[in-house]
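Subject: Structure handover and notes

Hello,

Here is the structure I said I would pass on. My notes on what turned up in it follow below.

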Amino acid sequence: MNVLVTGGAGYIGSHTVLCLLNEGYHVIVLDNLCNSSVEAIKRVEQLTQQSVTFIEGDVCNKQHLENVFTKHKVDCVIHFAALKAVGESALQPLKYHHNNVSGSINLLSCMAKHQVNQFIFSSSATVYGEQNPYPYIETMPLGTPSSPYGTTKMIVERVLEDNNKANVDFKAISLRYFNPIGAHPSGEIGEDPSGIPNNLLPFVAQVAVGKREKLTVFGDDYPTPDGTCLRDYLHVMDLAEGHVAALNWLKQQTTLDEVAVFNLGTGTGTSVLNIIRAFETETGKPVPYEVANRREGDLPAFWANADKAKQVLKWQAKRDINAMMQDTWRWQSNNPDGYSK
Ligand SMILES: NC(=O)c1ccc[n+]([C@@H]2O[C@H](COP(=O)([O-])OP(=O)(O)OC[C@H]3O[C@@H](n4cnc5c(N)ncnc54)[C@H](O)[C@@H]3O)[C@@H](O)[C@H]2O)c1
């Protein structure tokens, strides 16, 4: 079975490509490398001893897509390609809508033209918005996301629903990720943010390796046990395996009456301070930090109800916070400058 993975050179994509290859899938990656390096693909090939068909191209470019679907027989698409910086999305919303929404529509249109009907979409817990109480469960209505980035995810979920109603052959899954962290246990692939990291763990790791002086904790006066935000951190390898479980399930379904939605999380919340402490304990590296004001749009706490993925996909996050810290550190300390060493 041939799987087209858009954004497959990125953080979650590269780990998923590795798991797909290990499961015997043939993988074609389409990535414009705007936030990644082809080195990630090379390392996946080394780790798996298998080859990936890599195409440098853009989902916003209809000709690039047409070339891929004309040249390769594609059975399923896993669509990671997106811009994901929440803060930047507030400053440049059109860039985000163009890349994430128009890019997805181009891809779906090209799939329809070539009669490719299986689709797995990288959605996010942000689509639950501020109104829904946690733990978030898939039966809740879509909320109002706190950023244009989140809005793009919500819009694509709606586009998928409409497309599903109009085309009986179309089978789609939206996977709502919580907070992926960690790296492959080899330390060969991991998260390699360009510039100042937007997410907690890459920042923590860069402080520990000496690239940054200290971490800023945004707010310690939230109504949570230690005053810092609680999030549902899951190991990126668990998340990658969740995609394989989703694909294995999707190909067994003859039709889907509606888009299948699954939370991929652990079902527990961990505070920012607990993450810092766990990192220090597991690595022996101090992480100096200072507390600053709350960041606009940050919710005090949320985590997943992860029951549906367990029941239906037979998938469950297995790795604990300690493994997430050890694997992050192995990646960061072996690759202080990410892939560009
Ligand atoms: N990392 C998270 O915390 C998180 C949480 C929820 C959802 N997601 C979603 O998961 C997906 C993957 O996230 P990630 O953390 O691996 O991000 P990433 O930036 O590491 O990976 C995204 C990849 O897509 C590529 N890309 C972006 N726009 C493209 C385009 N127009 N054409 C072709 N390639 C393009 C980038 O070069 C990159 O390789 C994204 O859709 C993201 O929104 C991520």
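A residue counts as buried when its relative accessible area is under 20%, as exposed when that value is over 50%, and as partly exposed in between. With a relative accessible area of 2%, Tyr-136 is therefore buried. Please keep in mind that the model is a predicted one.

Aromatic rings

I began with the rings. A pair of aromatic rings is described by the distance of the centres and the angle of the planes. Rings pair if their centres lie within 6.5 Å, and the count comes to 9 aromatic pairs. One of the pairs is Tyr-128 with Tyr-136: the ring centres are 4.5 Å apart and the planes stand at 25 degrees. Planes under 30 degrees apart count as stacked, so Tyr-128 and Tyr-136 form a stacked pair. Tyr-128 is buried because its relative accessibility is 1%, and Tyr-136 is buried at 2%.

Another pair joins Tyr-134 and Trp-303, with 4.8 Å between the ring centres and 55 degrees between the planes, so this pair is tilted. Distant parts of the chain are linked by it, as 169 residues separate the two. Tyr-134 belongs to the loop between β5 and α6, while Trp-303 belongs to the loop between β13 (289–292) and α10 (307–313). Tyr-134 has a relative accessible area of 38%, so Tyr-134 is partly exposed.

Ring pairs also connect Tyr-128, Tyr-136, Phe-178 and Phe-302 into a cluster.

Charges over rings

Lys-308 has its charged end over the ring of Phe-262, at 4.7 Å from the ring centre. Arg-212 lies over the face of Phe-203, and the distance to that ring centre is 5.9 Å.

The ligand

How many residues surround the ligand? The number is 28, and the closest are Asp-31, Asn-35, Ser-36, Phe-80 and Tyr-149. Sorted by class, the shell holds 14 nonpolar, 10 polar and 4 charged residues.

Asn-35 has a polar side-chain atom 2.7 Å from a ligand oxygen atom. From the backbone, an N or O atom of Ile-12 lies 2.8 Å from an oxygen atom of the ligand, and a polar backbone atom of Asn-32 is 3.2 Å from a ligand nitrogen atom. On its own the ligand exposes 820 Å², and the protein buries 96% of that area.

Which elements give two or more residues to the shell around the ligand? They are α1 (11–22), β5 (118–124) and α6 (148–166). β5 gives the most, with 3 residues.

Backbone details

The peptide bond from Tyr-134 to Pro-135 is cis, its omega being near 0 degrees. Pro-135 sits in the loop between β5 and α6.

Two residues other than glycine have a positive phi. For Leu-33 the value is about 60 degrees. Leu-33 is placed in the loop between β2 (26–31) and α2 (38–48), and a relative accessible area of 21% makes it partly exposed. For Lys-314, phi is near 60 degrees. Lys-314 lies in the loop between α10 and α11 (321–334), and at 68% relative accessibility Lys-314 counts as exposed.

Regards

Conventions:
Residues are numbered from 1 along each chain as its sequence is written. This is a predicted model: local features need pLDDT of at least 70, side-chain atom pairs count only at pLDDT 80 or more; totals for chains, interfaces and linings use all residues. Side-chain values use heavy atoms; hydrogens and water are left out. A residue is near a molecule or strand if one of its heavy atoms lies within 4 Å of it. A polar contact is a pair of N or O atoms within 3.5 Å; within protein, one must be able to donate a hydrogen and the other to accept it, and residues adjacent in sequence count only if both atoms are side-chain atoms. Accessible areas come from the Shrake-Rupley method with a 1.4 Å probe; for residues, only the protein chains shown count as cover. Helices (H or I, at least four residues) and strands (E, at least two) are DSSP runs, numbered from the N terminus. Ala, Val, Leu, Ile, Met, Phe, Trp, Tyr, Cys and Pro count as nonpolar, Asp, Glu, Lys and Arg as charged, and the others, Gly among them, as polar. Rings of Phe, Tyr and Trp (its six-membered ring) pair if their centres lie within 6.5 Å; planes under 30 degrees apart count as stacked, over 60 as edge-to-face and the rest as tilted. Buried means under 20% relative accessible area, exposed over 50%, partly exposed in between (1.4 Å probe, protein chains only). A charge sits over a ring if NZ of Lys or CZ of Arg is within 6 Å of the ring centre and within 35 degrees of the ring normal.
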